[in-house]
Amino acid sequence: MGFSKRTSYIDISGIRRMFELSKGEDTINLGLGEPDFPIPPESKEAVRQALDADFTHYTPGKGIIELREGIASKLKRNGIFADPEEIIVTSGASEALEIVLLALVDSGDEVIIPDPGFVSYAPLTRIAGGVPVSFVVTEENSFEFDPAAIEEKITDRTKAIILNSPGNPTGALTRKKDVKEIAGLADDHGIFVISDEVYDEIIYMGEHYSIGRYTDLAITVNAFSKTYAMTGLRLGYLHAREDAVEEILKIHQYVQASTCSLSQAAAVAALKSGDGFTKEMVRTLAKRRDLIVGLLSEIEGVRCLKPGGAFYVFPNVSELGRSAELAMSILKNTGVIVTPGTAFGKKGEGYIRLSYATSEENIVEGVGRIAKYLNIYMGQR
Ligand SMILES: Cc1ncc(COP(=O)(O)O)c(C=O)c1O
């Protein structure tokens, strides 16, 4: 008996590990990567109606046409002129990332990913047989992606670059000029750019620029998970040029067949309901962002940038100790879950990630407990 080498190359995510350690009733979770809002009422109603109408069977592999047309209109607002036939509806952005990598990467191929960056990029690259090659994202550059840092990592084996703006774990946006420059790199070297845009509508400062506006080597990945607080409905999508879609679809066909019919009905209704739901959510999140940045900045030894999007802060805690140990001692001594920066890559050392997709009350109580503990902790050193 034995398991594949593939499983030995990957590990349980640092985020899940923290959850598993937290058993206490008094725990405050600032580790969550999902909005704490119910889905839009229109989507709830659409699911009820779809169920009553027995809309509970397989759908076309790419997703129902009504949904793909809605997604094409949404992409158009981001400057991407997509034919619904160039869109595949997936089970969350997670499936989209996986099938894109499986379609692009051969054994030993390199995929350029951000460090710190979203936890799935390196493991999914490895599962596909590829080699993740990191480019550094620095606080000095406000955690913005630097085209020069990406260019340095391009080799003959590079198959793709993964972008993520607004980014997880930092909340930083990539500037228009840099998005354009990265598109130029993709064109010059003939490399696909996988652009993970799941936070594209959760923005407080600045503007989102889809790289799909500037190069047809862009593969845009997005989801309903964050924009409509639908993480549990598992619905995402990807857009790519026709030849890429044909290859990616082969993988989707065998791993997924089609996504959940009821979730697709929910997504159609969400898109039709307009942007009121997301705008209201972003207004609430903006207040929480200001609150958490203010509270963290008052703690000695903590330095916190104000993020432009998503719902995470990524404070520098390097004066206080190493990320993993600090996150663990915060959990043990205060019952507050935060995620060590190293869960997002080696360069996350010296940082922790806190999610503010939780109530103001939880933020005040959670950061209050951390502040009290760190003050004692600092005093003892
Ligand atoms: C940057 C990023 N990409 C993708 C995902 C996965 O999204 P989904 O839940 O739609 O699979 C997440 C979830 O946290 C994320 O933060």
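Where is F143 found? F143 sits in the loop between strand 4 (131-136) and helix 7 (147-151).

1. Basis. This is a predicted model: local features need pLDDT of at least 70, side-chain atom pairs count only at pLDDT 80 or more, and totals for chains, interfaces and linings use all residues. Residues are numbered from 1 along each chain as its sequence is written, and side-chain values use heavy atoms, with hydrogens and water left out.

2. F143. Phi of F143 is near 65 degrees. That is a positive value in a residue other than glycine. The helices and strands named in this note are DSSP runs, numbered from the N terminus (helices: H or I, at least four residues; strands: E, at least two).

3. Cis bonds. The peptide bond from D115 to P116 is cis, with omega near 0 degrees. P116 belongs to the loop between strand 3 (110-115) and helix 6 (121-127). N168 and P169 are also joined by a cis peptide bond, and here omega is about 15 degrees. P169 lies in the loop between strand 5 (158-164) and helix 8 (176-189).

4. Ligand shell. Ala, Val, Leu, Ile, Met, Phe, Trp, Tyr, Cys and Pro count as nonpolar, Asp, Glu, Lys and Arg as charged, and the others, Gly among them, as polar.

5. Ligand distances. A polar side-chain atom of S94 is 2.5 Å from an oxygen atom of the ligand. For K226, a polar side-chain atom lies 2.6 Å from a ligand oxygen. For Y199, an N or O atom of the side chain is 2.7 Å from a ligand oxygen. Taken alone, the ligand exposes 400 Å², and the protein buries 92% of that (Shrake-Rupley method, 1.4 Å probe).

6. Helix pair. The axes of helix 11 (residues 276-297) and helix 13 (residues 360-379) come within 10 Å and cross at roughly 10 degrees. Axes are lines fitted to C-alpha atoms over the stretch in contact, and angles run from 0 to 180 degrees between N-to-C directions. So helix 11 is roughly parallel to helix 13 (angles under 35 degrees). The contact (heavy atoms within 4.5 Å) includes L291 and I292 of helix 11 and I363 and V364 of helix 13. Its residues divide into 7 nonpolar, no polar and 3 charged.

Note on methods:
Parallel < 35°, antiparallel > 145°, perpendicular 65-115°, else oblique. Polar contact = N/O pair within 3.5 Å; in protein donor to acceptor, adjacent residues only side chain to side chain.
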